[in-house]
Amino acid sequence: MLLPILLTLMTGEVAPEAAPPVKLVISADAVYSADGNFLEGGTVAIAGTKIAAVVPGGNSGEDGLHVAAITPGLVDLSPRIHAGDLSVEESDEVQTSLLAADSVDLFDKRWERLLKSGVTTVMVSPANENCIGGLTSVIKTGGAKRLKERTLSEGNMLAGAFGSQAARGNHPVYGRPTDFFSRRPTTRMGTEWVHRKAFYDTLAAMGDEERQFDGWEVMARVIEGELPYFVQASATQDIRTALYLKEEFQLPSMIIDAAAEVMREPEILKRAGASIVLPPFAAQGRTAIDNSFLPWNTARQLVDLEVPLALSAHGSAAPDNNLGMQAGYAMRGGLTLDEALRAVTLTPAELAGVADRVGTIEVGKDADLVLWSGTPFAATSRVIGVVLNGEVVFTKQ
Amino acid sequence: MKTMIKTLLVTASLSLAGLAVENDAPAEPNLAISASHVLVEGGVVLEDAMVLVGDGHILAVGKAADLEGNLPAGVQVVEHEGWLSAGLVAAHSTLGLTASSDSTSAFMPDLALIHGFDPNSKALTAARALGVTTLGVEASRANVFGGTGAVVKTDGSVVRKRANLAVSLVPPAIRGNRFPTSFGGGMRAVRERFEAAEQGALADAKSGKLRTSFAINGPADIDRALTLTNEFGLRSVLRGGDEHTEFAAELKEAGIGVALGPLSLSSNERTYASIKQLAKAGVPLAFGFADNGNVPATLRESAALAARGGLDRATAWNAVTKTAAELTGAGDRVGRVATGLDADLVLWSGDPLLIASKPVAVYIGGAKTQGDSH
């Protein structure tokens with residue numbers, strides 16, 4: 001059954017309006033589509049940059065490429081692949097129109113590391129050293145060398161931060177300011193105050209032309225829910241702060257990044273409603289941000305609450321801490337493979353607004369695939385190949 | 001070499017013909033210099049040739065045998081056993097500037113660097129003693145819009161008062177103790193200002209009247225420069241960097257030249273690969289020293305090292321003369337030994353692309369400069 005379908009595809013007979021011919025066919029013992037479909041023994045055909053067919057069955061490896069498992073390319077919403085301090089505009093704590101992608105260096109060695117770990121799509125945001133840091137973009141981890149050509153979505157969210165990091169480096173003004181960093185906020189409360197003021201000022205600007213300020217339209221889009229608010233909050237108190245703010249201004253769409261301690265107070269999360277990105281799991285439980293504690297079963301609990309959940313490696317370079325391993329750790333904490341897969345593919349793609357292009361193995365979507373040596377995310381499996389935009393960009397064979 | 005000389009004979013006679021047509025009343029020569037080799041421009045060497053100079057300009061270039069018979073009385077004749085070439089041109093320099101940026105603001109597109117240029121600076125004397133006669137003056141990288149630069153000579157004279165606009169989206173311009181501190185903030189600010197500009201240096205950069213010089217470190221800076229160049233239709237030059245390989249084709253297509261920093265004996269293979277790739281793609285290539293301590297001696301060294309590193313001799317020599325002049329916007333005045341151009345000439349003890357050769361005498365505008373050459 002398979003062969004005729006593929007042959008037809010290859011000769012282009014069914015192809016509507018001159019679709020490109022199939023150029024790559026990969027079969028696997030298991031194809032995990034991340035949209036609930038699973039094929040035990042399946043084949044993925046690629047034409048041009050897109051997936052042309054996903055069919056059951058497939059060759060056993062005598063000819064063509066055959067691997068143990070195929071998943072969609074992984075998606076990381078918080079890879080922290082920015083230019084560090086040079087991604088942060090310190091002239092104001094509220095940067096509504098700064099474009100984080102302007103600070104991205106595509107020639108950074110970290111891109112290759114991400115790609116080899118199976119991550120094919122990421123969202124870039126500035127370092128979390130401002131209260132409101134700027135606009136994020138979604139870009140592929142490989143392919144074209146010009147940023148514009150790699151971008152799936154520009155300015156898809158507004159990024160901000162609570163917690164201690166946003167006030168880092170600032171110092172209070174006693175008498176005369178000594179330098180650029182003699183300024184507010186210097187504390188968590190100050191950080192929250194700056195956020196709240198920005199939203200109040202925006203509400204005022206929305207009702208009164210005379211109170212409009214530079215960048216108020218971007219904030220207004222957050223209040224109206226057109227632009228999700230992607231905000232870092234890791235410790236219990238900071239997650240509270242974020243959710244209180246969401247409630248106070250009735251922000252329709254908030255995604256809390258690095259929300260390690262979110263399940264300490266599930267009732268606030270349930271009441272306020274927000275999507276969650278978990279930071280990388282830590283052996284001793286303590287994560288890098290504000291020393292907050294991430295229990296292993298957090299992912300399980302969030303899925304039980306039906307909270308949209310994405311995992312992130314936060315740019316960790318260590319092979320035992322990459323995004324695929326995070327999915328494995330989440331499974332150790334109770335997620336099923338399907339749920340873990342979703343948390344590193346479809347859910348982050350949906351949150352980022354690019355699920356029409358990436359996140360699942362479906363006909364018509366970008367041919368971004370991870371090829372595995374065994375069951376995905378298992379400690380004994382590794383990424384043996386990555387396909388990006390229909391090209392094999394990395395292979396261990 | 002023999003073939004080369006044949007081509008050159010044609011060039012030479014064309015130069016003489018051009019002289020008669022271009023000037024109704026051609027200036028009388030007051031100086032005739034003969035040399036065993038005249039390096040007309042990269043790849044073009046005339047043996048036993050002569051250069052006639054009058055009114056500060058080159059009046060003729062040709063075989064000594066053809067020219068020396070018709071010299072009017074009173075012409076000073078210099079016979080040089082060695083090489084003669086055009087004076088060296090630095091694509092970017094801050095020599096002679098009392099300051100190369102002003103800290104009033106990070107955005108000073110209309111700051112005119114010519115007003116900070118000291119024509120009596122001792123640094124100029126030192127530069128011309130090394131055979132460097134023309135400098136593309138550009139603002140340092142300290143401000144996002146550093147100001148408009150000029151083209152000057154090392155005798156203190158001015159070729160172009162306003163020749164370029166310096167743009168820096170790299171540190172320290174974007175990591176000072178003020179706005180902007182980020183690439184994103186810098187890009188936004190540059191965009192907003194270009195969009196709003198109706199007059200002044202920014203408007204002149206948009207119309208192509210002023211060349212825009214972008215400070216470059218890595219390939220991401222090239223990506224940003226290309227983006228802005230395309231968005232605003234700029235006429236751009238990239239200043240510095242050593243990783244252009246990936247973008248050679250894009251730079252060629254966008255008509256962007258590259259004004260590199262100086263090479264040294266410790267320059268790595270990547271740098272040479274980048275240079276050769278640019279040359280292969282046909283990207284105009286020049287050297288300058290503004291960002292590297294303003295050491296004029298590095299200019300000729302860079303050409304010699306580039307040739308040593310595998311760049312063809314012609315491109316290497318042009319990178320410190322003809323192409324450098326063109327990238328600064330003074331290609332019609334300096335950079336070659338050709339009829340009608342300024343008589344900025346250097347007499348060398350031998351082939352100037354050999355580091356063992358040294359300058360023996362330096363002429364700017366036909367006048368021999370004072371001071372020991374070395």
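Strand 5 (88-93), strand 9 (211-215), strand 10 (236-239) and helix 11 (322-328) of chain B each give at least two residues to the lining of the largest cavity. The model is predicted: local features need pLDDT of at least 70, side-chain atom pairs count only at pLDDT 80 or more, totals for chains, interfaces and linings use all residues, and side-chain values use heavy atoms, with hydrogens and water left out. Residues are numbered from 1 along each chain as its sequence is written, while chains are lettered from A and ligands numbered from 1 in the order in which they are written.

**The largest cavity**

- Rolling a probe the size of a water molecule over the atoms shows where empty space is left.
- A cavity here is a set of points, on a 1 Å grid over the protein atoms alone, where a 1.4 Å probe fits but cannot get out; its lining residues have an atom within 4 Å of a point.
- Among the lining residues of the largest cavity are H92(B), E138(B), R211(B), T212(B), S213(B) and R239(B).
- By class, the lining has 4 nonpolar, 5 polar and 3 charged residues. Nonpolar covers Ala, Val, Leu, Ile, Met, Phe, Trp, Tyr, Cys and Pro; charged covers Asp, Glu, Lys and Arg; the others, Gly among them, are polar.

**The second largest cavity**

- The second largest cavity contains about 60 Å³ of space.
- Strand 9 and helix 6 (219-232) of chain B each supply at least two of its lining residues, and helix 6 has the largest share, with 4 residues.
- Its lining includes L169(B), F214(B), D221(B), R224(B) and L228(B).
- This lining divides into 6 nonpolar, no polar and 2 charged residues.

**Chain B as a whole**

- Chain B has 11 helices and 15 strands.
- Its radius of gyration is 21 Å, close to the 21 Å that the globule rule gives for 374 residues, so chain B is as compact as a globular protein of that length. The radius is taken over C-alpha atoms, and the rule is 2.2 Å times the number of residues to the power 0.38.
- Of the 374 residues in chain B, 60% are buried, meaning under 20% relative accessible area (1.4 Å probe, protein chains only).
- Of the contacts in chain B with a separation of 6 or more, 67% join residues 24 or more positions apart; a contact means heavy atoms within 4.5 Å.

**A closer look at A49(B)**

- A49(B) sits in strand 2 (residues 44-54) of chain B and is buried, with a relative accessible area of 0%.
- Leaving out residues up to four places away in sequence, A49(B) touches I33(B), S34(B), A35(B), V38(B), G62(B), K63(B) and A64(B).

**Helix 9 of chain A**

- In helix 9 (residues 323-332) of chain A, 8 of the 10 residues are buried, including L323(A), M325(A) and Y329(A).
- The buried residues of this helix pack against several elements of chain A, among them strand 6 (119-124), helix 8 (298-304) and helix 10 (337-343).

Conventions:
On a 1 Å grid over the protein atoms alone, a cavity is a set of points where a 1.4 Å probe fits but cannot get out, and a pocket is an open set with protein on both sides within 12 Å along at least five of seven lines; lining residues have an atom within 4 Å of a point. Grid points are joined across faces, edges and corners, and a volume is the space filled by probe spheres set on the points. Buried means under 20% relative accessible area, exposed over 50%, partly exposed in between (1.4 Å probe, protein chains only).
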